[in-house]
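Dear colleague,

I am passing on a structure for you to look at, and my notes on its salt bridges follow below it.

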Amino acid sequence: MTALPLEGVRVADFGWILAAPQCTAWLGVMGAEVIRIESRQRLDPIRFLGQNPRDLKGPDGSPLFNGLNYSKKSVTLNLNHPRGVELAKEIVRRSDIVVENFTAGMMKRWGLSYEELCRERPDLIMVSGSPLGQYGPDSHSVGWGPITQASAGICHLTGYPDGPPVSLGGTWPDYMVGVVMTYAVLAALYYRRRTGKGQYIDLAMAEVVTAMLPEAVMDYVMNQRDRGRRGNQDDIMVPHNVYRCRGEDTWVAIAVETEEEWRNFCHAVGHPEWIEDERFRDRRSRKAHEQELDQLITAWTRTRDRLDIMQLLQAAGVAATPVYDTESLIADPHFQQWNFLVTPGHPVTGNHPVAGIPGKYSAIDTLRYTPAPCLGQHNEEVFGTLLGLSREEIARLHEEQVIY
Amino acid sequence: MQAGALTGLKIVECSERFAGPFCTKVMADLGAEVIKIEKPGTGDVTRTYGPFPGDEPHPERSGTFLYLNTNKLGVTLDLTRPGGTELFRELIKDADILVETCPPGLLDRLGIGYRQLHAWCPRLIVTSITPFGQTGPYKEYKAYDLNCIHMGVVGYETPFNFVTDPENQPPLKIGGHQADLLAGWTAAAATMTAVLQRELTGVGQQVDIAEIEAVAHMVRPNFALYSHEPPDGPNRRRFLRRTKWGLAYVFPCRDGHVALLALTDQHWESLKELMGHPEWAESELFATLLGRFQNIDALEAGVAAWVSEQDRDELARRGQELHIPVFPVRDMREVVTATQYRERDFFVTVEHPETGPLTYPGAPFKFSATPWQIRSPAPRLGEHNAQIYGERLGLSAERIAQLRSDGVI
């Protein structure tokens, strides 16, 4: 079997909630040994989310946690105890990468700042994720991802035309930031392999979000214009919207960019006369009559099935796709064939499909999916085998609530 | 100029629009050398997209193009002309990575698909970004940002916990080109994964990124919650209907909007303090996290009514003092002028011969040893033809002139 990309890499993972765990799941699946450093003192709230409130199974019973923290190990360490901090440093000394996403300043308070940890491990790579970054006047701010992004501009740009700014679906941007964190860590790892030098990465969620709004930022900078909210519409493409189909709350998304796509679209929906229609003659005229055109298109889509529309229009080279809810996406033959879902299994929650890590790699036969760890599952292994503590000492540390 | 984290990596980009160019931009910004291939004559289609200064279209002044292509070398090349693919192979010869976004099968037909390139250059990593990936029944289907956001469930969930009238609140795209740029980040992380594997094995590979899949990962809790629930369980039902089942997090206040979410015990206690302990909030109904979830509509109505009478910045400031996750919803002027961004030098000024100096979003994260940096602005169309074809590949001036008149470059 081919070596996995991150074989031999060890990660001391202080991450919690969503963004950092998405990053370390990627690293674990790719072969890194990821050691989650947790504590009963400050349990990852995700360990309780998504459980049936009438049938709580404790910190190991969360589908949400177990669907995000596969391919990792878990130890419990009380970082408010000096010996707990010492042991955390012992783990870091044997690690290549530290990942954390506490409120800025927290790691320093524990005596686990990058400077401090570099004394243990001079070539350490450490990434800190936080809402607004580790320094600057507002760096102390607290925020979940979806709240933080409001300060970055994207909520302002999301909403129906003339409506208020709205909240975004998909716990945006947490998992997206997890992917960005992964990229940053891997770039730093590449540099270290070349030069032997580690470094510190200060990642601000808000900055990642704003860096993904080039059109809006540049329009403001160039023209002092705020683009505001445009619903499903686009600057350039018309038609560009979601259209009602047969069935309750069922929609198809259609986007037409080129003139060739437009002509193909008109023929495919059986309205070649639209091509000659003065109102729709070119992109500019279509934009000016967008509402009328959308009504005409809806008259055609609303009596049809969304998957039939996709097939018909895609055969004509037009980007038409169903608007999917979770269940429809799971049932879709393309996603099934792509093995989008994986089943790492779990001793408490059982064998259920969950989302894997994106991408397919031609030189990797099997990615490493192992069950998410139960809380403290690897205490013996990490403190005994990796750090070399005796059985008695481990028992004592349990008793003193250092391993806790 | 300091070395970047990716200095020494050589990338050829055969792509246009958003996802491919953004993937190579974030790698170029960390020091990788990127040679961007554009169609002779017209170039990357984003050159025709706005925004333009003064709204005057100009192929060298598109804000979208300029941002997505910093730090790259630009050459023109038409792969469909005779001699085009030979020249392409010359460009690839010393490269570590090819990033391409062609429809699956197109490069194979030109004789430069992954298998052909791999046989010839086994260390090469080919990162292919397409809407649906290289395999599966939809692999040849088209999809733009709108399609990917909506098929990947994010559109169905937007506006989040806000839908009370599905008939008049269609599923909603999120602002900008988030699906495309997310696919770019995903491809960059996956490409670096393959680069690190190559250090162990010495062999390249094809990295196959499907934009729709990258988007669907943003709703990853849904899949776990769905699969763990019995068919009649409450978590299943909520995925079948696009209606409100929990707390929205954007609320109007007297002079704008705030984003606020205070459900944990600690946050809820702090929020009660901030609200001045109103009677409704002290109700037993809201005393536990479970109670707050079960009575979410009443809780939201109470919070929303209180927020609507507050001033935005004052509320956000006082809330943060009590460690409540609350931020103002900022518009573009406020984003571009934010003090926190300024103190962190987030925005950078980039000089470009056609636009003069302009402000761009800068480093999305800060590296201590190998800083993110802009070394050069986006290339003008074919700007580096002479440098790459002449100096690098050693083609004579006559040969370059011939290629130009043949429309190859």
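**Salt bridges and their surroundings**

Glu13(B) is buried, its relative accessible area being 0% (buried means under 20% relative accessible area, exposed over 50% and partly exposed in between, with a 1.4 Å probe and protein chains only). The model is predicted, so that local features need pLDDT of at least 70 and side-chain atom pairs count only at pLDDT 80 or more, while totals for chains, interfaces and linings use all residues. Residues are numbered from 1 along each chain as its sequence is written, chains are lettered from A and ligands numbered from 1 in the order in which they are written, and side-chain values use heavy atoms, with hydrogens and water left out.

The partner of Glu13(B) in a salt bridge is Lys72(B), at 2.8 Å from N to O (a salt bridge is a side-chain nitrogen of Lys or Arg within 4 Å of a carboxyl oxygen of Asp or Glu). Lys72(B) also counts as buried, at 1% relative accessibility. Because Lys72(B) lies in strand β3 (residues 72–76) and Glu13(B) in strand β1 (residues 10–14) of chain B, the pair ties together parts that are 59 residues apart in sequence (strands are DSSP runs of E, at least two residues, and helices runs of H or I, at least four, numbered from the N terminus).

In chain A, Asp277(A) forms a salt bridge with Arg279(A), with the closest N and O atoms 2.8 Å apart; Asp277(A) is buried at 18%, whereas Arg279(A) is partly exposed at 29%.

Over all chains, a search of the whole structure finds 61 salt bridges.

Best wishes
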